[in-house]
Amino acid sequence: MNREISQYHIGNNTYTIREGNIIHIVTHGDFPVELALEIKNFCLAQAGKMDGKCSYLVDLTNCGKNDPAAREIWKEISNDASTNKVATFGMNPVARVIANFVIGTYGGVNMRLFRNEKDALAWILEGEDQ
């Protein structure tokens, strides 16, 4: 089981720290650069408290527009030495475009887009003792 440890809110977004060094992010609304920087600082601080690398499970279902500089910040988080995997899911058209753009520009093997949370979480936990 992948239980919740603690939960935080930044802007309209919910961040749940889960077992297995996972930060589960549920997005709501737009992401100006200022908010993206606040989120980056939060995520990297949380990852720094973990024993081992951190993975991100990101629900983009209700994601809005991302400032171009915010997209660069998401790429920085994905590229950070503390990041293991980034699994995004959510099927609204805006979210799909955003995720594909970020994954395409990043080009890393640690990012994938999934149709649902179950598949995204399974990929993160792949190879882990569950």
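**Exercise 1. Find the residue with a positive phi in the hairpin of β2 and β3, and trace the pairing around it.**

Step 1. Three residues lie between the two strands of this hairpin, and G20 takes a positive phi near 85°.
Step 2. Here strands are DSSP runs of E with at least two residues, helices are runs of H or I with at least four residues, and both are numbered from the N terminus. The model is a predicted one: local features need pLDDT of at least 70, side-chain atom pairs count only at pLDDT 80 or more, and totals for chains, interfaces and linings use all residues. Residues are numbered from 1 along each chain as its sequence is written, and side-chain values use heavy atoms, with hydrogens and water left out.
Step 3. Strands pair if DSSP finds at least two bridges between them. β2 (residues 13-18) and β3 (residues 22-31) have five bridges and are antiparallel.
Step 4. I17 has I23 of β3 as its bridge partner.

**Exercise 2. Follow β3 to its other partner, β4.**

Step 1. β3 and β4 (residues 54-66) run parallel, joined by eight bridges.
Step 2. Look at I23 again: Y56 in β4 stands opposite.

**Exercise 3. Describe the setting of T16.**

Step 1. T16 belongs to strand β2.
Step 2. Its relative accessible area is 5%, so T16 is buried. Buried means under 20% relative accessible area, exposed over 50%, partly exposed in between, with a 1.4 Å probe and protein chains only.
Step 3. Contact means heavy atoms within 4.5 Å. Beyond neighbours within four places in sequence, T16 touches E4, S6, Q7, I22, I23 and H24.

**Exercise 4. List the buried residues of α4 and say what they pack against.**

Step 1. In α4 (residues 117-125), the buried residues are A120, L121, W123, I124 and L125.
Step 2. They pack against β2, β3, β4, β5 (83-89) and β6 (111-114).
Step 3. After the helix comes G127, with a positive phi near 80°.
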